[in-house]
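My entries follow in the order I made them.

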Amino acid sequence: MSVPGEGTAGAGVPAATPVASVEEVFREERGRLLAALVRRFGDLDLAEEVTSEAIEAALSHWPVHGVPPQPGAWLMTTARRKAVDRLRRDQVYAARLAILQVEADREGAVPAADAGGDLPDERLQLFFTCAHPALADEDRGALTLRYLAGLSTPEVARAFLVPPATMAKRITRAKRKIREARIPFRVPGADELPERLPGVLQVVYSIFNEGYVASSGPHLQRLDLAEEAIRLARILRRLLPAERGVAGLLGLLLLIHARRDARTGPDGELVLLDEQDRGRWDRPMIEEGCGLVSVALTGGPPCEYGVQAAIAALHDEAADLATTDWPQIVALYDVLLTLAPSPVVALNRAAAIAMRDGPLAGLALLDELADEPLLRGYYPFAVARADLLHRLGRDGEAASAYRQAIELAGTEPERALLRRKLAAAL
């Protein structure tokens, strides 16, 4: 995205506005624009196309005339005009959209519980639509991440640990299902929220994970995505204050994001947990997260995100790695394995056991997981195995595992750290 620094400014921001500020506008407005257009026209493909066209128009117009005082309104006006032009050119398309609109009007919008009649952000309406029960579980998250969070198809693929080609097919399938099943774009009713909520929580968590460790690129973190996920989780918390899973998710995100400033050094290099300056952790955010852990784990059976948040809280409350309550963390992973069994949870449990019982115990558990298809190309598994082998003095094997991890790592800071670890093992 290139914005020339020359030209005569219009009534808005001068043409010399830095590229970063224009990119920030697009990042902030794209999801809101797409959601509003989907709500207006009832068609995801049309909304996506005219959103892209409006942004392209802005890239041509704004460098010359300046960024307008209300860039979102400018983009919306432009996108709507392009949508109307397209409908005028394609009568069949227009007729199909008219049918969808009549059906949506007939069904009506049901206000969400405790929301005062309105959701505070149109994007959240689209989140719930994309988590409709008629869609397959994996399709819900893929569609939402791609179109609402603005992740690329390879980034969504990384979030779900599948090849990009597989993810592209999922996204196409999900859009076709919405169109063929005539799934309405509306706010779900209070009776529908419980079955929709798990899918929405997973989507928000996936967005945060992409922000926590980017799929690729020169930077470890994408703070914009992490903060977007937290913002959406806060909206969910306001909408559904009685849902302990929402409290657990928000608490988890806050407790992890509290370490953001200490996770990278002055040049963007990755700083591991045991080497981080814990004085740079965001203590008010940790306090808020710990309070949400109490809410999530009180008043009923434990929930998945509440348990994960409790694990994160134990890390954040410890003075250093040595004094971390590893027995309690292992016990919490045991609970998590019963709530949400997966190879990734088993991997994290093995790493915690290595801290509690020693590297040999952890490596034995990793060897048991080695044949899991999900973990064969999973970067954290290769790193965990390499680190334990190095701790055991088996440096030849560790070097081989570090080389594999370097090939799998997505960002340059991760690769740089692994290259240093490899050199130490040689």
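I count a residue as buried under 20% relative accessible area, as exposed over 50%, and as partly exposed in between, with a 1.4 Å probe and protein chains only. By that rule, 50% of the 426 residues of the protein chain are buried.

The model is predicted, so local features need pLDDT of at least 70 and side-chain atom pairs count only at pLDDT 80 or more, while totals for chains, interfaces and linings use all residues. I number residues from 1 along each chain as its sequence is written, and side-chain values use heavy atoms, with hydrogens and water left out.

Overall fold. I took helices (H or I, at least four residues) and strands (E, at least two) as DSSP runs, numbered from the N terminus. The protein chain comes to 20 helices and 0 strands. I took contact to mean heavy atoms within 4.5 Å. Among contacts with a separation of 6 or more in the protein chain, 65% join residues 24 or more positions apart.

Helix pair. I looked up H11 (residues 244-257) against H13 (residues 304-317): they pack at an angle of about 30°, with axes 8 Å apart. Axes are lines fitted to C-alpha atoms, for helices over the stretch in contact, and angles run from 0 to 180 degrees between N-to-C directions. H11 and H13 are therefore roughly parallel; the cut-offs are under 35 degrees for roughly parallel, over 145 for roughly antiparallel, 65 to 115 for roughly perpendicular, and oblique for the rest. From H11, the residues in the contact include Gly-245, Gly-248 and Gly-251, and from H13 they include Ala-309, Ala-312 and Asp-316. I sorted the residues of this contact into 8 nonpolar, 5 polar and 1 charged. Here Ala, Val, Leu, Ile, Met, Phe, Trp, Tyr, Cys and Pro count as nonpolar, Asp, Glu, Lys and Arg as charged, and the others, Gly among them, as polar.

Cysteines. I searched for disulfides (a pair of cysteine sulfur atoms within 2.5 Å) and found 0. Cys-130 is buried at 3% relative accessible area, and Cys-303 is buried at 15%.

Glu-414. This residue sits in helix H20 (residues 412-425). Is Glu-414 buried or exposed? I found it buried, at 3% relative accessibility. Beyond its neighbours within four places in sequence, Glu-414 contacts Val-213, Ala-214, Leu-220, Leu-270, Tyr-379 and Ala-409.

Val-295. I located Val-295 in helix H12 (residues 283-296), partly exposed at 34% relative accessible area. Not counting residues up to four places away in sequence, Val-295 touches Arg-237, Arg-244 and Ala-247.
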